[in-house]
Amino acid sequence: MITIKDKLFVLDTDKTTYAFRVMPTGHLEHLYYGRKIRIDDADGIADQLGFAPGNSSSYDKDNAISLEDVKLEISAPGKGDVREPSLELINSDGSFTSDFLFDGCATSKGKVREEGVPCSYGEDAEVLTVTLKDKENNLMLKLAYTVYAECDVITRSCEIINNGDGAVTLTRVMSLMLDMDPGDYSYITFNGAWTREMGKNVQKVGMAKLVNSSYTGSSSNRANPFVMLGKGAFDEDYGEVIGINLVYSGNHYTSVEQNPYGKVRLMTGINPNGFSWKLEKGESFRSPEAVMTYSASGCNTMSHNMHDFVNAHIVSGKWKDQLRPVLINSWEASYFDINEHKLVKLARKAKAAGVELFVMDDGWFKGRNDDTSSLGDWTPDKKKLPHGIKGICDKIRKLGLKFGIWVEPEMVNENSDLYREHPEWAMRIPGKKHSTGRTQMLLDLTRSDVQDYIIKSMSDVFSSADISYVKWDYNRNFTDIYSAALPSDRQGEVAHRYILGLYRVLDELTKKFPEVLFEGCASGGNRFDLGILSYFPQIWASDDTDAYQRGIIQNGYSYGYPQSCYTCHVSDVPNHQTLRRITADTRFNVAAFGVCGYESNFCDLNKFDFNEIKSQIEFYKKNRRLMQYGKFWRRSSFDDGKILSWTISSPDKSEAVSMIMQSLMTPNSQSDILYPRGLAEDVKYHIENRKTSFDIREFGGLINHVVPFHVKQDGFIHGVIAKFVRINSESESHEMYGDAMMYAGVHLNPRFASLGYNDTVRYFPDFGSRIYEIRTA
Ligand code: GLA
């Protein structure tokens with residue numbers, strides 16, 4: 001609900017309140033963001049401002065206040081606020097002081113997706129638009145606040161309009177600035193690199209600024225735009241936590257700093273590094289939308305708010321709320337070495353295992369045998385696909401599978417017909433040496449002819465056969481940022497214009513192919529953000545499919561993104577990224593807590609492993625709605641210790657699936673306690689583990705304690721026995737009330753500890769895990 005009273009603005013969601021007012025000077029003073037409170041007027045809530053202390057500057061001679069220590073909604077340089085500004089520009093006279101003062105406001109109901117910059121949408125959304133003016137420089141600033149009451153989310157974006165005669169140059173337009181009263185804050189960011197995305201990083205907020213930003217051209221795997229701010233003591237289920245994100249896929253920036261008086265300022269928006277934007281007379285510039293949520297009960301609630309928001313107000317189109325198919329992707333099974341025969345053979349096996357969608361990854365187009373050539377030439381390689389895309393697609397469809405395809409449309413290899421024909425379409429500085437990434441170059445998506453080419457060439461591919469799914473990849477970072485189509489004083493616009501060009505392409509193609517399930521990818525999670533999710537309902541979370549690393553990566557994503565958005569594949573061992581061997585059940589157990597798929601050579605699996613996969617897929621399909629759309633709860637993670645524990649519960653509390661996984665095993669430590677979440681306290685539930693079996697060779701020479709003859713470890717006889725004998729997992733079940741499960745915990749069967757082994761013992765080696773189904777009894 002939005003309440004406006006005497007220039008006091010109160011934005012209420014179901015459980016939170018955000019408030020600000022117009023100061024006597026005309027500036028917007030931020031008052032409060034936190035748990036829901038009642039506010040009639042600003043009395044007692046606003047800072048009592050008396051005078052400008054010490055050597056701080058006074059705003060003007062009538063208002064002897066210093067903006068340096070006022071909580072503000074926006075800040076620009078030159079009027080006494082010497083903290084980091086949220087808005088910076090060069091006026092037409094060359095000065096860079098701005099003074100935006102309140103001019104008016106309006107409210108409206110409902111928000112629709114607009115063309116241009118992606119944004120959230122919702123019928124019940126309430127929008128407050130506050131207009132400010134810098135009269136001396138003829139500039140107007142519109143701040144738009146959108147309230148999503150039911151998921152406790154408020155968003156904000158800015159638009160700046162040049163009403164003057166001369167051009168101004170914008171050098172910083174932050175989407176959101178959040179000034180807070182003094183407190184003990186922690187800044188939590190999610191950082192990493194290729195194959196190790198989303199590592200949780202916690203830092204204390206102090207007087208030296210902390211910045212989480214990307215400068216790769218994309219939202220990046222180095223620093224995801226989602227961040228959190230915790231106040232005082234907090235954990236998964238306790239304490240005050242703010243979550244912040246940006247609906248944007250390019251260079252982003254989120255800083256936090258404390259001023260000398262203890263107040264804390266956070267801001268988020270387009271990264272000002274390398275950014276400038278020339279705004280001619282009459283033109284306007286719109287920032288991406290920033291998203292914030294607040295929880296008074298720890299990170300899980302904050303995540304639930306973000307998850308609900310993303311599922312309801314970001315993801316759109318046919319696949320919104322829809323069950324995602326179990327797919328198999330050809331990449332790790334064959335890499336570039338694919339052909340119709342091989343793929344159909346894999347697809348046949350996949351169908352028998354229960355897979356629903358077959359994805360032909362990289363390598364299918366003209367001359368594409370490694371990563372040095374062909375990007376840009378989107379016609380099938382005749383040697384690999386003699387009957388074209390349609391030929392293989394029809395064969396796969398005939399097996400009863402849907403068919404999907406990999407593309408990387410924003411790129412070009414120098415060794416391609418496209419580059420030979422249009423070298424000017426590649427992003428490079430004319431006449432200068434350029435850098436490459438994965439031997440490829442970016443196409444200059446700031447250009448409308450390049451955008452049109454991508455739309456046309458992709459439309460041709462997508463309509464060439466019965467294609468149900470597209471994996472849209474993007475495998476390099478920006479270098480040599482330059483567009484030959486823009487004048488020299490607009491080169492600071494290239495990085496942002498590229499993203500706007502991308503959005504136009506994605507908008508047109510997703511509208512043109514509404515049935516297709518699009519999956520974003522950028523060498524895994526190098527562009528995992530709400531901008532991409534506005535067009536593609538799911539994103540390949542990481543090229544790393546090692547279950548231990550995935551436990552860390554998916555745990556990181558789960559803070560800001562619902563599990564319906566991140567795709568997780570079970571792959572072969574030793575794992576291709578880490579050479580680690582983790583049992584098939586753990587590989588599945590981790591992948592099941594997201595959109596589960598496979599990336600494995602099913603043709604090479606032995607009978608047991610194949611049957612294990614079959615039963616995994618059966619389990620996943622049975623619990624699919626829950627696994628993809630249930631409430632995701634974190635209990636513990638490898639960041640805090642050795643146990644990773646997640647639960648997904650159904651909104652009606654009738655069922656849940658919990659997982660427990662360890663990193664390295666501690667000898668002679670037998671007990672584990674599972675604490676499921678999201679259950680009704682007074683309802684009785686039945687809990688049982690998913691049954692599986694293990695290769696007898698996992699027990700090595702211990703086999704000699706149970707067979708009457710000597711078996712040489714890993715020898716021929718050992719192999720023969722392993723072909724016929726498996727070690728069954730324990731069978732464990734309990735009936736307990738929800739409160740007993742959640743608060744006393746389910747005390748699990750003893751772990752393997754060398755001695756006393758019997759069939760109740762839980763085989764739980766390094767990276768061992770179990771998944772438990774919980775249903776009302
Ligand atoms: C990227 C993706 C992989 C795969 C390859 C193909 O690395 O992240 O999943 O599609 O490209 O070249």
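Student: Where does asparagine 668 lie?

Tutor: Helices (H or I, at least four residues) and strands (E, at least two) are DSSP runs, numbered from the N terminus. Asparagine 668 lies in the loop between strand E33 (655–662) and strand E34 (673–674). Its phi is near 55°, a positive value in a residue other than glycine. The model is predicted: local features need pLDDT of at least 70, side-chain atom pairs count only at pLDDT 80 or more, and totals for chains, interfaces and linings use all residues. Residues are numbered from 1 along each chain as its sequence is written, and side-chain values use heavy atoms, with hydrogens and water left out.

Student: Is asparagine 668 buried or exposed?

Tutor: Buried means under 20% relative accessible area, exposed over 50%, and partly exposed in between (1.4 Å probe, protein chains only). Asparagine 668 has a relative accessible area of 62%, so it is exposed. Lysine 7 also has a positive phi, near 65°, and is a residue other than glycine. Lysine 7 lies in the loop between strand E1 (2–5) and strand E2 (8–12). With a relative accessible area of 45%, lysine 7 is partly exposed.

Student: How is the pairing of strand E33 to be read, and how many of its residues are buried?

Tutor: Two strands pair if DSSP finds at least two bridges between them. E33 runs antiparallel to strand E32 (residues 643–649), to which seven bridges join it. Serine 649 has alanine 656 in E33 as its bridge partner. In the hairpin of E32 and E33, five residues stand between the strands, and lysine 653 there takes a positive phi near 65°. E33 is also joined by seven bridges to strand E40 (residues 769–776), again in the antiparallel sense. Here isoleucine 660 has arginine 770 in E40 as its bridge partner. Seven of the eight residues of E33 are buried, so the strand is mostly covered.

Student: Which strands pair with strand E3?

Tutor: E2 and E3 run antiparallel and are joined by five bridges. A hairpin of three residues connects E2 to E3, and valine 10 has alanine 19 in E3 as its bridge partner. E3 also pairs with strand E4 (residues 28–35), in the antiparallel sense and over seven bridges. Arginine 21 stands opposite glutamate 29 in E4. The hairpin of E3 and E4 has five residues between the strands, and glycine 26 takes a positive phi near 100° in it. E3 itself (residues 16–22) is mostly covered, with six of its seven residues buried.

Student: Which residues join valine 573 to its neighbour in a cis peptide bond, and what is omega?

Tutor: The cis peptide bond joins valine 573 and proline 574, with omega about -5°. Proline 574 lies in the loop between strand E29 (566–571) and helix H10 (584–591).

Student: How many salt bridges does a search of the whole structure find?

Tutor: A salt bridge is a side-chain nitrogen of Lys or Arg within 4 Å of a carboxyl oxygen of Asp or Glu. The search of the whole structure finds 51 salt bridges. One of them joins aspartate 103 and lysine 133, whose closest N and O atoms are 3.6 Å apart. This pair links distant parts of the chain, with aspartate 103 in strand E6 (residues 101–111) and lysine 133 in strand E7, 30 residues apart. Aspartate 103 is partly exposed at a relative accessible area of 35%, and lysine 133 is partly exposed at 27%.

Student: What does the salt bridge of arginine 690 and glutamate 612 tie together?

Tutor: The side chains of arginine 690 and glutamate 612 meet in a salt bridge (2.7 Å, N to O). Arginine 690 lies in the loop between strand E35 (684–689) and strand E36 (693–695) and glutamate 612 in helix H11 (residues 607–622), so the pair ties together parts that are 78 residues apart in sequence. Arginine 690 counts as buried at 8% relative accessibility, and glutamate 612 counts as buried at 7%. Elsewhere, salt bridges that share partners join Lys278, Glu280, Asp489, Arg490, Glu493 and Arg497 into one network.
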